[in-house]
Amino acid sequence: MSYLVDYHIHTTFSDGKDTYPAYLDVARKKDLAEIGFTDHITFAPVDWCVDEIDFPVMRENLKNLCNDFSEDVQVRFGLEVDYFPDKEEEIRQVIAYFPVDYVIGSVHFLNDWNFDTDQSLYGKWPNDVLYKQYFERVQLAAKSGLFDVIGHIDLIKKLNCWPETDQTALYEETLKIIKEANTVIELNTSGIDRPCGEFFPNMQILEIASNLGIPVTLGSDAHKPNQVARHFDLAINKLKKAGFTRIVRFRNRQRGEIII
Ligand SMILES: [Zn+2]
Ligand SMILES: [Zn+2]
């Protein structure tokens, strides 16, 4: 699969378990064309994001890797930034500081609740209410224009939070906003190894996105080297089944395409 990219990877700069060379090794063995490192930038008091004190060293180290054309696997400078409606200016500034190829915008919080790591509040409200709140945040993230890619667009299901009723209208509304905002979604293959047991997003969302002509990219959300490009064969099958014929690649926030 020498043409593929893995655009969602975490290292020890945030909550990943290894450093750039270890991931590059696996990417080389799996014959990937490009990998993008996307450590967490989060304006909230959590221990799983990049410390501000490490911003300069991450910037230098990753920039050097991106410029190393002796590597057979090309490295892309990515970030996974948490979207908070009241932090748009801080987010804009941090993105401007890094020489990024692309930025993934993700929603991991509903107000102060980090719903994808903290189980404690599930059951307090109907899941449909959580879906509405979550997807409204995703819509705001897309409308902000800050991001190239919306991360794991149906993350709210991760810990087995399933809606009580059909969510087609909410998915369609959200994807239309993403289309208008000219933003890309990702097929994030990590979900299959989470309690929800399926990719982010589900097949229904992929099909709606494909019908609307929303571009897609591909990421494993690896937190360990052996997770690089996980389940990519299945991912390509699903993408084709949903009607996609290409995935997006990035350089300097400009898009290119890879035929799948
Ligand atoms: Zn994430
Ligand atoms: Zn991630």
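Two residues are in contact if their C-beta atoms, placed from the backbone, lie within 7 Å. In this protein, 78% of the contacts between residues at least 6 apart in sequence join residues at least 24 apart. The model is predicted: local features need pLDDT of at least 70, side-chain atom pairs count only at pLDDT 80 or more, and totals for chains, interfaces and linings use all residues. Residues are numbered from 1 along each chain as its sequence is written.

Start with the whole. The protein has seven helices and ten strands; these are DSSP runs numbered from the N terminus, with helices being H or I of at least four residues and strands E of at least two. Its C-alpha atoms fill a box of roughly 50 × 40 × 30 Å along the principal axes. Of the 260 residues, 43% count as buried. Buried means 20 or more other C-beta atoms within 10 Å of a residue's own; exposed means 12 or fewer; partly exposed lies in between, with C-beta atoms placed from the backbone.

Now take helix α2, residues 55–66. The buried residues of α2 are M58, L62 and C66. They fall within an arc of 60° seen down the axis, so they line one face of the helix. The arc is that of the directions from the helix axis to the C-beta atoms. These buried residues pack against β2 (34–37) and β4 (74–82). On the other side of α2, P56, V57, E60 and N64 are exposed.

Finally, look at L187 in strand β7, residues 184–188. L187 is buried, with 27 other C-beta atoms within 10 Å. Beyond its neighbours within four places in sequence, L187 contacts F199, V216, L218, A235 and L239.

Technical notes: Chains are lettered from A and ligands numbered from 1 in the order in which they are written.
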